[in-house]
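Please read these notes beside the model.

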Amino acid sequence: MNSESSSQIVSRNFTFSDKPLFRDADILECDHVPDQVLFRDAELKELAFLIKPGLRGQRPANILCRGLPATGKTTCIQHLFGEIRDVSNTLIPVYVNCQQNRSAFAVFSTIYRELVGHAPPSSGIPLRRLMDAVAKALQSRRESERTVLLVCLDDIHHLIHEGTDTQILSSLLRIYLDYPGCRASVILVESDLALDISRRLDRSVFSSLCMEEVFFAPYSAAQIRGILQERARQAVYPSVISPEILDLVTDMTASTVTGDLRVGIDLLKRSILRAERAGRPAVTDEDVAAAYGDARLTHLRGLVSVLTEKERRLLSVIAGMVEEGEEAREKEYSRKEYGGKEYGECGEPVPPTSGRLYSRLLEVMAAEQSEKQQRAMEQRAGGQQTREPQAMEQGAGDLRSGDQRPVEPAVCAEPEPGYGRDKSPEGKDGRRQDQVPTISYTSFHEQLRSLATYALIRISVRQAKGRTSEITLRYPAADVKRICEGVE
Ligand SMILES: Nc1ncnc2c1ncn2[C@@H]1O[C@H](COP(=O)(O)OP(=O)(O)OP(=O)(O)O)[C@@H](O)[C@H]1O
Ligand SMILES: [Mg+2]
């Protein structure tokens, strides 16, 4: 076979399509910062106005940016920070992703890196010394007498859940007292609209913040369409996405619980990939329909991956209860149909209430604990069996030499960190209480709130015989369970 015919075979078998559809696929990546922020002029102007004193060496206002997920909060701040870097040496913006930097050390390391250009040693230095180094770096960068640090703590709820918010905020706000000549302001960003920052932050920290709020309203369907259209224009060749396809993707995006723009961007990318793989010159309705399920699942996977282990367990318990409710409803239908018995009205499955969920979580934790203990006992039994002949020999030797070694302590399953244990050895039922894991209702509620923040569940208050909260899953229970348990 000559070289020309072999290259023809390669091009016939391995080219997906003659014409690639993407001009620049990175434009449709979630972390892409667009050149233009659309429909956020008012918010950008407001932020710029509040920050402006910093350019003159005065302390800017402390700001709280609130808005549902994917409403452009991070994008707007990244844009403004880029502009500030271009025009000022007096105001030093530092962006901190609190999901990735939850401890005071991690936050101050990020500030240090921004000021010095490289990371501090990752271990071995106390926080106080790191803060000294940050202040010194700030002082040495002083162009004039006044240099101001502007720290954006994005997704502040991570610090609140971690319990590090007070230390970080008060250190930043007091920096001018500890290090004369240094000043700092903060921008807090929050997407959980139900989270009452004024109540969650330490009272004295909150009152010294005196924050100005900038609210990011959800995008309308027309705005979602405009943003998606601009992204598609930059990402693919003309006519790959027709106006009808853009309408379809917009409708699907707007129909997600929070009108999540990220789902729309991901949906565009996946639809184009499908069309390209099939060798089509443009995206079809079928491409979008097939990509929709994938896009939602990817979004779900992304959300679950940032949960703590405890939050993931709680989510999995909720999914289990929702599934049980769905199964029960199906059984009820089939009994009605085939058994002819009356089982009451068949309606939607009743969503779990927070009270029932709390009890179920305790049951699950108790079951996990006893499983752990069972395993530990089996390991101990296995270990003893293999040790016994040796121990007998050793014992004989010890006795001969008069050496009486202490008996090895039994291996006990450790309680999970973060969960309290009743100190009294026995409860009312005579069971050893120190073996029953527990979680306070407050911690449980914090985890629940966190799941709501990520738009994984919805908590709605119902007035029945008293106020009760109902929990609804925002994704199919079976998918949630599979992803939480890592069975994929
Ligand atoms: N006004 C806009 N113009 C162009 N792109 C936007 C705009 N708003 C959001 N996007 C795009 O939507 C995605 C999500 O935006 P962004 O990360 O800024 O949202 P967010 O409000 O910070 O969300 P979260 O609260 O979940 O962190 C990004 O890919 C971003 O580029
Ligand atoms: Mg953000």
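The points below take the basis of the model, then the ligand, then the helix contacts.

1. This is a predicted model, in which local features need pLDDT of at least 70 and side-chain atom pairs count only at pLDDT 80 or more, while totals for chains, interfaces and linings use all residues. Residues are numbered from 1 along each chain as its sequence is written, and chains are lettered from A and ligands numbered from 1 in the order in which they are written.

2. Around ligand 1 there are 20 residues, of which Pro69, Gly72, Thr74, Thr75 and Ser191 come nearest (a residue is near if its C-beta atom, placed from the backbone, lies within 6 Å of the molecule). Two or more residues of this shell come from each of α3 (73–87) and α13 (261–277) (helices are DSSP runs of H or I, at least four residues, numbered from the N terminus).

3. Helices α4 (residues 104–116) and α5 (residues 127–140) pack at about 25 degrees, with axes 9 Å apart (axes are lines fitted to C-alpha atoms over the stretch in contact, and angles run from 0 to 180 degrees between N-to-C directions). That makes α4 roughly parallel to α5 (angles under 35 degrees count as roughly parallel, over 145 as roughly antiparallel, 65 to 115 as roughly perpendicular and the rest as oblique).

4. The axes of α14 (residues 285–305) and α18 (residues 477–484) come within 10 Å and cross at roughly 45 degrees. The two helices are therefore oblique to each other. Contact residues include Leu297 and Arg301 of α14 and Asp479 and Ile483 of α18 (contact means C-beta atoms, placed from the backbone, within 7 Å).

Note on methods. Contact = placed C-beta atoms within 7 Å.
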